[in-house]
Amino acid sequence: MSNAQPLLIELGTEELPIGAVDTLARALAAAVHAGLSARGFALGDARHYCTPRRLAVHLPAVAAQQADGESRALGPALAAALDAEGLPTPALRGFAAKQGVDVAALTREVTDKGERFVHVTQRVGQPLAVLLPEILAEAIKALPIAKPMRWGNHAWSFVRPLHWLVVLHGDQVIEAELFGIRGTRHSRGHRFMADKPVWITDADAYAEALRAAKVIADPGARREHIRGDVARVAAQLGGMPQMDDALLDQIANLTEWPVAIGCSFDEAFLAVPQEVLISTMVANQKFVPLLDGHGHLLPRFIGVANIESRDETQIRHGYERVIRPRFADAKFFFDEDLKTPLATHQKALAAVVDQPALGSLWDKSLRVAELARVIANRVGADAAQAAQAASLAKCDLLTRMVGEFPELQGIMGRTYALAQDESPEIARALDEVYMPRGAGDAIASSTLGRVLAVAERADTLAGLFAIGSKPGGAKDPYALRRAALGLARTLIEGGLQLDTRGLLLEALDAIPEAALAAGLKAAKIATALDAGARRAALAEEIERFIVERLRGYYAEQGIAAGVFEAVLAVAPSSLVDFDRRLRALAAFTRIPECAALVAANKRVGNILRKQTELGESPAANIDQSLIQVPSEKTMVLALQIARDRIDQAVRRHDYGEALAIPARVDLFQLVPAFFAPFDPSSLLAAIDDYFERVMIVVEDPAIRRNRLAILAEFQRVFATVADFSRL
C-alpha cells in the first residue's frame, strides 16, 4: 500500500513494577494491533519495546486511511420479524428504528442461525489520525493492570503516572491525548546520563535515537547485552554466573543502560550454606552469584547498575555495603538455628494450624508419615526412615532462617539435619520432599525422597479436595495443579509402580470423616453413600484431576492428544503403566501398519454399533459349530493366537510387542496347520480376508450373532493396550 508508513506509540511513565513491564508491553502491542485490525487496517506483526520508564509499540506499515467497507447489523430472525400475514412485527420495526432506517431498507440473509433481517451500510474509510485516539483509549482500557494508580486532582488511573506520549505515523505527529498529555515526537533519554528530550525524526528511528540517549529500548537486545556483560565480568573474576531467566528478566526490567560490576564479600560468610547466600543476593538485591567449577559459591558476585559511571569503585563499594548486613543476619540465623535440634520443633508444630478442618502441621506430619511408611514398603524403601523423615519434614518451618527466607524450606531442613547427625538419606529426603519445585525442575533423585514427595502431595490433594478447596477456573490458591503434576511426574519418572486410586484412598482414609462434607458437595458426590463409597468416589475425582494435568506434560513431548485419549480409555491403574502404554502407542502410530489397523478397528466398531442400534448384540461367546467359511476359522484361530501372545506381552509390560503382534507377527509360521488353504501373514491380513470373504449380516440370527461375536473379540484384542477407536 503506497501510503503505508510505520506507526510508533510510546507511553513514558514513572518507574513501572518490574514484574509487569513485559506483560504490559506485550498487551499494549496486542491491543493496538487488534484495534487497527478490527477497523480494517492490513498489518504486519506488532513489535513491543519497554524499559522501566516506557511502554512502546511499533508497526512496520499502517495505511494513512482506513479502507472503505461495509458494516452489517444482524436483526431478528424471520419467524420473529414477520407475523402470520407477513407484516413487520414490533421487533423488526424496533430494529429498523434503531438503525435509523425504514423496514424497507433492510435485507434478508441466510446465516448460520437461520434467515434473518440485516442492515448493511457502506463505510467510508476514515483517516488513521481520526481513529487512533479511540484505538489507544481502548488499548489502555484492555491492559491487565492489577492495581491502577491515580495522580493529580483528576479521576485518571493507570499503572503509573504518565509523563510523555509519542505518537508518530512515519515522520508525522498524530494529535492524540492521553491522561492530559498530548502526543509529540519528544521521548526521554536516560534519567541521569541523557536527561533531556529525545527528538524522534520518524517511527523507524525510535530504537536508535534512544540508544544514542543511553536507553536500550528493545527488551531482547537489553537482555542479550546484560548476558554478555555479566559473562565478561564473570570471566575477569574467575567464576561462572548463576543467572537464570527469571533473574535476567528482573535485571532487564530495572535498567535502561545496564552495566555489570564485579564485587566481593568477606569469605567468612561462606560458612553459611551457599543456598542462603545465593537466595539473599538474588531475591533481595538482584545480584548475580558466581560459582567455581565444582559448583561452590565464590566470595564474589556481580551487580548490574543502571548507569555508566565514571567511578565504578563507588558503585562497587555501595553494593558490597548493602550485602554485608544481610549476610550477617543470615549467619546469625544459621548459628542460632544450629543450637536447636530439628526434632524439638515437632511439639511446636501442633500449635500451627494447617487448615482448620484438617488440623495442625503436626497432624499433617503424622498423616504423611503413615502414608510414607505404606508407600516405602511397596516400593522397597526403608519404611522406618520414611516415617522418620516425614515427621521431621515440616520442622524447618519453625527455624529462624526459613522464617526469613521461606523459599529455603527443605534446603535448610537438609542442612540442619546433616549438621545434627541425622542420616544422609533422611537429610536428603527433607529437601527432596519438595521436588519438583517448579514446572521444569527435576524430581527427587533418591527413592526415599520420591516416597516422601508422593506422600506429601497425596495428603495435600486428599485433604484439600476433602474440604472442598479444589481449584476452580483460573483460581488455584493452594497450587493443587502443581502438586498434582509433581505427584504424577514423581510416580512416572521415578518408576514407582503404585495403584493411583489405591494411594488416594489410603490418603483419604486418614482424613477425618467430619472434614469430608464440603469435598463431597463440591464433587457432587451423594452424602447418602456409606463412608467407603464416599471416599472411593472422591478418590476417583482426584485421580481424574491428576491425570488431566498430564495432557500438557505429554503434549510438550510431542505425543498426540488422540494417543493420550486412547490410553486413558483403558484406565491403567498405575501412572507408570499409563506412561509405558502411551509411549509404546505413540511409537506404534508411526509405523505404516497402524493406519490400516485403525481403519479395520473403526470398520468393526461401526458394524457393531449399527447392529446394536438395531437391537442386536453379539453372542456372548464364539460358537465353533456355527463357523461355516474357512476364513472364519482362520480368523478365530488368529484371534486366539494373537490374544495369547498379547496377554503374555502385557504381563511383561512389553506394550511395544503387544501392539506389534496384530500387525507384524506371522501367524502362519506359528501354527501352519491351522491356516490352510489361506495363509495370513498377520491378524491384520486375517481381518482383511474376513471382510472380503465373509458376509456378516446374514439371515440366520444365530450365525449373524456369532459373526458379530468374532468382530467383538477382534475389538477386545485391540483394547488390551489402548482404545484404538480414539485414534
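A pocket is an open set of points, on a 1 Å grid over the protein atoms alone, where a 1.4 Å probe fits, with protein on both sides within 12 Å along at least five of seven lines. Its volume is the space filled by probe spheres set on the points, which are joined across faces, edges and corners. The model is predicted: local features need pLDDT of at least 70, side-chain atom pairs count only at pLDDT 80 or more, and totals for chains, interfaces and linings use all residues. Residues are numbered from 1 along each chain as its sequence is written, and side-chain values use heavy atoms, without hydrogens and water.

The largest pocket has a volume of about 730 Å³. Its lining (residues with an atom within 4 Å of a point) holds 27 residues, and Tyr434, Glu456, Thr460, Tyr478 and Arg482 are the closest to the centre. Two or more lining residues come from each of strand S19 (353-355), helix H11 (361-379), helix H16 (447-466) and helix H17 (480-493). Helices (H or I, at least four residues) and strands (E, at least two) are DSSP runs, numbered from the N terminus. H16 gives the most, six residues. By class, 13 lining residues are nonpolar (Ala, Val, Leu, Ile, Met, Phe, Trp, Tyr, Cys, Pro), 10 charged (Asp, Glu, Lys, Arg) and four polar (the others, Gly among them).

The second largest pocket has a volume of about 500 Å³. It is lined by 16 residues, with Asp244, Glu275, Ile278, Ser279 and Val282 nearest its centre. Helix H7 (245-252) and helix H8 (274-285) each supply at least two of the lining residues. H8 has the largest share, six residues. This lining divides into eight nonpolar, four polar and four charged residues.
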